[in-house]
Amino acid sequence: MARKPTSAERRQRLKSRALPLVGIAFVAFVMGVVQGCPGNPNKDAAGRYVDAWEKGDLEAMYAELSTKSQEAIPLDRFEARYEETAAMATLASLEADEVEGDETEAEVPIEVTTLAFGTIKQPLKLSFGSDGIAFEPRLLFPGLTNDEELSRDTKMPVRAPILAADGQAMAKGPSLAREHPLGDAMIDVTGEVGVPEDEELSTTAEALGFSEGEPVGTSGLELAYNARLAGTPGGTLSAVPAGSEPGTEGTVLGTGTPKPAKPLKTSIDPAIQDAAVTALAGRAGGVVAMAARTGAVKAIAGQAYSVLQPPGSTMKIVTATAALDTAKARMDSTYPVVTEAPADGRTIQNAHGELCGGTFVESFAKSCNSVFAPLAMEIGEEAMTETAEAYGFNKPPALFNEEATTAVEPPTPTMPTPGNYNNELGVSGIGQGTVQATPLLMASVAQGIANGGVVSPTPIAVEKDLQSDREPIRVTSKKTAAQVGELMVAVVTQGTGFAAAISEGQVAGKTGTAEVGQRAGGDPEDLIEDAWFAGFAPSDNPKLVVGVNVLDAPGDGGTIAAPIAGQVLSAGL
């Protein structure tokens with residue numbers, strides 16, 4: 001029989017069992033004390049404020065202000081003051097260190113990177129209200145006191161030249177005296193410099209270091225790559241007493257030395273550019289030429305990427321691609337020879353009420369609406385949109401990188417999406433209705449056919465980081481591309497595009513005539529029409545692609561646009 005433990009042994013056993021419980025209780029007590037500690041809410045608010053500033057999130061910064069400060073300065077004014085200060089400082093980025101301070105004041109060491117004045121390391125001092133950060137002028141930039149504001153003296157380097165593919169300067173010289181040694185035809189692609197009249201453009205120019213009244217890029221490549229061409233500005237950024245006259249000396253915060261940019265080289269061919277401008281002859285519209293294999297732009301004249309219009313029957317390149325890929329048509333398909341046909345719940349007529357039809361090749365060559373509008377209905381919304389978007393519809397043009405595209409704001413070509421055709425599928429297939437395109441896009445469509453079914457981006461700058469990051473897209477098979485190419489040859493040899501024929505090689509193309517509205521005060525039959533052409537040459541070994549649009553043309557695409565295309569292709573070949 002087991003011996004009973006003595007009272008001393010029982011006490012020792014209880015003590016041993018209690019030790020872990022005491023440890024647990026002690027840890028719980030410590031955790032409770034830590035969790036119950038409120039910390040430093042004001043320092044936390046200061047940390048969130050500078051974190052948001054690093055990210056450029058002005059709304060989040062504003063949310064950290066005290067109620068009294070928010071009542072004193074509305075959000076839009078708060079944002080405007082920060083944006084004005086950032087532009088003055090040519091602010092590129094900032095990085096904040098750890099917050100130091102107490103419940104009444106805090107200080108944050110901040111490193112600011114600027115375009116013109118180097119790297120600036122200064123503290124940002126914050127004060128607090130009863131429920132947040134107190135807004136004060138010194139919060140606008142590190143190193144300021146409440147009685148100071150920023151002032152600057154900037155100097156710009158000589159503006160970089162814009163070069164053609166062969167190295168010749170299309171534009172050169174300082175912004176105040178820009179020259180175009182190869183003639184005014186180059187201005188269509190280089191654009192011009194001038195004093196910005198647009199307020200947003202003025203703010204952008206200030207943020208790049210330009211002084212008020214100094215010319216900046218206002219169009220074309222001068223606008224798209226303004227920051228790149230301007231080089232790195234220099235000068236002095238100072239903190240001066242608020243309300244000081246210009247030129248007042250203050251505390252220097254940062255300095256920089258102007259550095260010119262290297263020349264901007266493009267893919268433009270001067271001979272083709274000159275031919276495009278000459279052929280357009282000052283008419284409203286646009287002409288673009290590009291390399292058939294790479295998509296690199298060789299010429300831009302007029303409004304080649306800046307104005308959207310219905311592409312008319314050049315859209316039948318897209319429709320034919322979709323029809324062949326979905327087996328809704330074959331090269332040996334035949335169609336009734338008629339003047340009109342039903343689509344979209346209404347009757348679609350051929351141009352001038354002509355009899356049109358026959359084989360698929362003949363119908364494409366003669367641009368039969370009576371064939372292609374019903375064919376679009378058979379293809380269906382899904383396949384029509386998918387094919388059009390692969391060609392480049394519903395996407396911004398791939399001329400520039402993202403920054404330059406934002407600066408130029410080119411319009412985005414449009415094609416209805418499934419469920420949004422609103423009984424316009426048939427007319428969409430013939431390039432009418434709500435379909436909108438540019439000569440650049442329709443040239444890109446032709447480039448996809450010339451390149452064996454692969455649509456390439458359309459860069460104009462040689463530097464990789466200045467180009468769009470869009471990848472080549474296979475729109476269709478080599479077989480289908482070859483078949484559509486055969487259709488396009490028939491347009492020039494036996495159809496509406498014979499005026500595009502040249503001696504240097506066989507042209508493949510498609511004409512288009514788009515109705516864009518009734519002429520004001522005119523006869524109901526007096527319609528405003530645009531003339532189009534998209535194609536490439538030589539058809540058996542494509543070298544050059546062209547897209548043409550003439551607004552409010554005095555004739556159809558075959559009469560007006562096709563000869564322009566021929567002139568440009570001839571110059572390039």
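In this predicted model, the lining of the largest pocket draws at least two residues from each of strand E18 (346-349), strand E22 (508-518), strand E23 (527-537) and helix H19 (557-572). Elements E22, E23 and H19 return below, where the sheet and the helix packed on it are described.

**Largest pocket**
- The largest pocket holds about 910 Å³ of space, and of its 32 lining residues those closest to the centre are Gln349, Asn350, Ala351, Asn369 and Glu515.
- Sorted by class, the lining of the largest pocket comprises 18 polar, 7 nonpolar and 7 charged residues.

**Second largest pocket**
- With a volume of about 690 Å³, the second largest pocket is lined by 23 residues, and Thr204, Leu223, Glu403, Thr406 and Ala407 lie nearest its centre.
- Helix H7 (199-207), helix H8 (220-224), helix H9 (226-230) and helix H15 (402-408) each contribute at least two residues to this lining, with the largest share, 5 residues, coming from H15.
- This lining divides into 11 nonpolar, 7 polar and 5 charged residues.

**Sheet and packed helix**
- An open sheet of 5 strands runs in the order E15-E14-E24-E23-E22, with antiparallel pairing.
- Strand E15 (297-302) and E22 are the edge strands, each having a single partner, so one side of each is left without a neighbour in the sheet.
- From one strand to the next, the twist averages 10°.
- E23 and strand E24 (residues 544-550) pair in the antiparallel sense over 7 bridges, and phenylalanine 533 has valine 548 in E24 as its bridge partner.
- H19 packs on the sheet, where it touches strand E14 (285-291), E22, E23 and E24, and the direction of H19 makes about 145° with that of E24.

Conventions
Residues are numbered from 1 along each chain as its sequence is written. This is a predicted model: local features need pLDDT of at least 70, side-chain atom pairs count only at pLDDT 80 or more; totals for chains, interfaces and linings use all residues. Side-chain values use heavy atoms; hydrogens and water are left out. On a 1 Å grid over the protein atoms alone, a cavity is a set of points where a 1.4 Å probe fits but cannot get out, and a pocket is an open set with protein on both sides within 12 Å along at least five of seven lines; lining residues have an atom within 4 Å of a point. Grid points are joined across faces, edges and corners, and a volume is the space filled by probe spheres set on the points. Helices (H or I, at least four residues) and strands (E, at least two) are DSSP runs, numbered from the N terminus. Ala, Val, Leu, Ile, Met, Phe, Trp, Tyr, Cys and Pro count as nonpolar, Asp, Glu, Lys and Arg as charged, and the others, Gly among them, as polar. Two strands pair if DSSP finds at least two bridges between them. Axes are lines fitted to C-alpha atoms, for helices over the stretch in contact, and angles run from 0 to 180 degrees between N-to-C directions. Contact means heavy atoms within 4.5 Å.
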